[in-house]
Amino acid sequence: PGATVAAVGDIDETLYGIVPFITGRPVLHLTVPEVAARKPAYVLVQDKAGGKSAAVPGPSYERVREQRFGPGRYVAVWRLVDAHESATR
C-alpha cells in the first residue's frame, strides 16, 4: 500500500481514479524511456484505440494480461522479467 503503480500510454482521469480506489496506490504516469530507466516490477498500459497504438514497456517486459473494454479502451499489465528467468525460457 502506498507504493505507486507505473502506467504508460493514454492515462486519463478514469485510471487516475479507479487504480487508487481499488489498490490504495497512486498512479505514476511514465514514458517508455522512463520505464526503461526506473525498471518498475509491473507496468500498466492503457490505450484508447483498442490496443492498436498501445505502448510496449520494452524487451525486458512480458505481458501478463490484457483486456478490452467497450469500443476502444485497452488495458494490459506487463511484468519485468529478469535476465536469468528470460534465458531459461
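**Surface, Fold and Salt Bridges in a Predicted Model**

In this predicted model, a nonpolar patch on the surface is formed by Ile18, Phe21 and Ile22, which together have about 390 Å² of accessible area.

User: Why is Ile22 called exposed?

Analyst: Exposed means over 50% relative accessible area. Ile22 has 63% relative accessibility, so Ile22 counts as exposed. The residue belongs to helix α1, which covers residues 13–23.

User: What is the secondary structure of the protein chain, and which pattern does the chain follow along the sequence?

Analyst: The protein chain has three helices and five strands. Along the sequence, the pattern is β-α-β-α-β-β-β-α.

User: What makes the protein chain as compact as a globular protein of that length?

Analyst: The globule rule gives 12 Å for 89 residues, and the radius of gyration of the protein chain is 13 Å, close to that value; the chain is therefore as compact as a globular protein of that length. Along the principal axes, the C-alpha atoms fill a box of roughly 35 × 30 × 20 Å. Of the 89 residues, 33% count as buried. The protein chain exposes about 5,600 Å², of which carbon and sulfur atoms supply 58%.

User: Where in the protein chain is the confidence lowest, and where is it highest?

Analyst: Confidence is lowest in helix α3 (residues 83–87), with a mean of 50, and highest in strand β2 (residues 27–29), at 96. The average pLDDT of the protein chain is 89, and 92% of the residues score at least 70.

User: How do you know that Asp12 forms a salt bridge with Lys48?

Analyst: The rule asks for a side-chain nitrogen of Lys or Arg within 4 Å of a carboxyl oxygen of Asp or Glu. For Asp12 and Lys48, the closest N and O atoms are 3.0 Å apart, and the pair forms a salt bridge. Asp12 lies in the loop between β1 (5–9) and α1, and Lys48 in the loop between β3 (42–47) and β4 (61–69), so the pair ties together parts that are 36 residues apart in sequence.

User: What makes Arg73 a partner of Asp12?

Analyst: The closest N and O atoms of Arg73 and Asp12 are 3.1 Å apart, and the two residues form a salt bridge. Because Arg73 lies in strand β5 (residues 73–80) and Asp12 in the loop between β1 and α1, the pair ties together parts that are 61 residues apart in sequence. Arg73 has a relative accessible area of 25%, so Arg73 is partly exposed. Salt bridges that share partners join Asp12, Lys48 and Arg73 into one network.

User: How do you know that Glu62 forms a salt bridge with Arg79?

Analyst: The closest N and O atoms of this pair are 2.8 Å apart, and the cut-off is within 4 Å. Glu62 therefore forms a salt bridge with Arg79. Glu62 lies in strand β4 and Arg79 in strand β5, so the pair ties together parts that are 17 residues apart in sequence. By this rule, the count comes to four salt bridges.

How values were computed:
Residues numbered from 1 in each chain as written. Predicted model: local features only at pLDDT ≥ 70, side-chain atom pairs only at ≥ 80, totals over all residues. Heavy atoms only, no water. Patch = residues over 30% accessible without salt bridge, like charges linked within 9 Å, V, L, I, M, F, W, Y side chains within 5 Å. Areas by Shrake-Rupley, 256 points an atom, 1.4 Å probe, with all protein chains shown as cover. Helix = DSSP H or I, 4+ residues; strand = E, 2+ residues; numbered from the N terminus. Buried < 20%, exposed > 50% of the residue type's maximum accessible area, 1.4 Å probe, protein only. Rg over C-alpha atoms; globule rule 2.2 N^0.38 Å. pLDDT = per-residue confidence, 0-100.
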